[in-house]
Amino acid sequence: FTDAQNKSEMVALMLEKHAQFKNSYFVGDTLSDGLAAKDNSLRFVKVNYGYGNAQDWNQIPLHKSVDEVVELLLINE
């Protein structure tokens, strides 16, 4: 994915190559993670224990927000 200019493009290239992941969740802790998910129509799960807590999340649709890793195992459609 060396041709990607940013995280959104990297995810788009990955989804082109691996179409089976188009219904996946994108789990991340920064606004750039959320934007990559949004740009690629992926459900975004924000983890609250990372770097992006002080960022403005208003423009990112959150499927879920979690405080602990174990909560990821409990996510349902």
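L31 is buried, with a relative accessible area of 17%. Buried here means under 20% relative accessible area, exposed over 50%, and partly exposed in between, with a 1.4 Å probe and protein chains only. The residue lies in helix α2. Leaving aside neighbours within four places in sequence, L31 is in contact with Q55, D56, W57, Q59 and I60. Contact means heavy atoms within 4.5 Å. K17 is 14 residues from L31 along the chain, and their C-alpha atoms are separated by 24 Å.

This is a predicted model: local features need pLDDT of at least 70, side-chain atom pairs count only at pLDDT 80 or more, and totals for chains, interfaces and linings use all residues. Residues are numbered from 1 along each chain as its sequence is written, and side-chain values use heavy atoms, with hydrogens and water left out.

**Overall build**

The chain holds two helices and three strands. Along the sequence they follow the pattern α-β-α-β-β. Helices (H or I, at least four residues) and strands (E, at least two) are DSSP runs, numbered from the N terminus.

| Chain property | Value |
|---|---|
| Radius of gyration | 12 Å |
| C-alpha box along the principal axes | roughly 35 × 25 × 20 Å |

A compact globule of 77 residues would have a radius of gyration near 11 Å, which agrees with the 12 Å of the chain. That radius is taken over C-alpha atoms, and the globule rule is 2.2 Å times the number of residues to the power 0.38. Of the 77 residues, 30% count as buried. Among contacts with a separation of 6 or more, 29% come from residues 24 or more positions apart.

**The sheet**

The three strands form an open sheet in the order β1-β2-β3, with parallel pairing. Strands β1 (25–28) and β3 (64–66) stand at the edges, each with a single partner strand, so one side of each is left without a neighbour in the sheet. On average, neighbouring strands are turned by 20 degrees against each other, direction ignored. Strand β2 (residues 43–47) is joined to β3 by three bridges. K46 has S65 in β3 as its bridge partner. Two strands pair if DSSP finds at least two bridges between them.

Helix α2 (residues 31–39) lies across β1 and β2, running at about 170 degrees to β1. Axes are lines fitted to C-alpha atoms, for helices over the stretch in contact, and angles run from 0 to 180 degrees between N-to-C directions. In α2, the residues L31, D33, G34, A36 and A37 are buried. Their cover includes α1 (7–17), β1 and β2. S41 follows the helix, and its phi is positive, near 55 degrees.

Which residues make up the largest nonpolar core? The 10 members are V11, L15, F26, L31, A36, A37, L42, F44, W57 and I60. Such a core is a set of buried Ala, Val, Leu, Ile, Met, Phe, Trp, Tyr and Cys residues joined through side-chain atoms within 4.5 Å. The elements that give two or more residues to this core are α1 and α2. Helix α2 gives the most, with three residues. L15 is one of the core members. Beyond neighbours within four places in sequence, L15 is in contact with F21, K22, N40 and L42.
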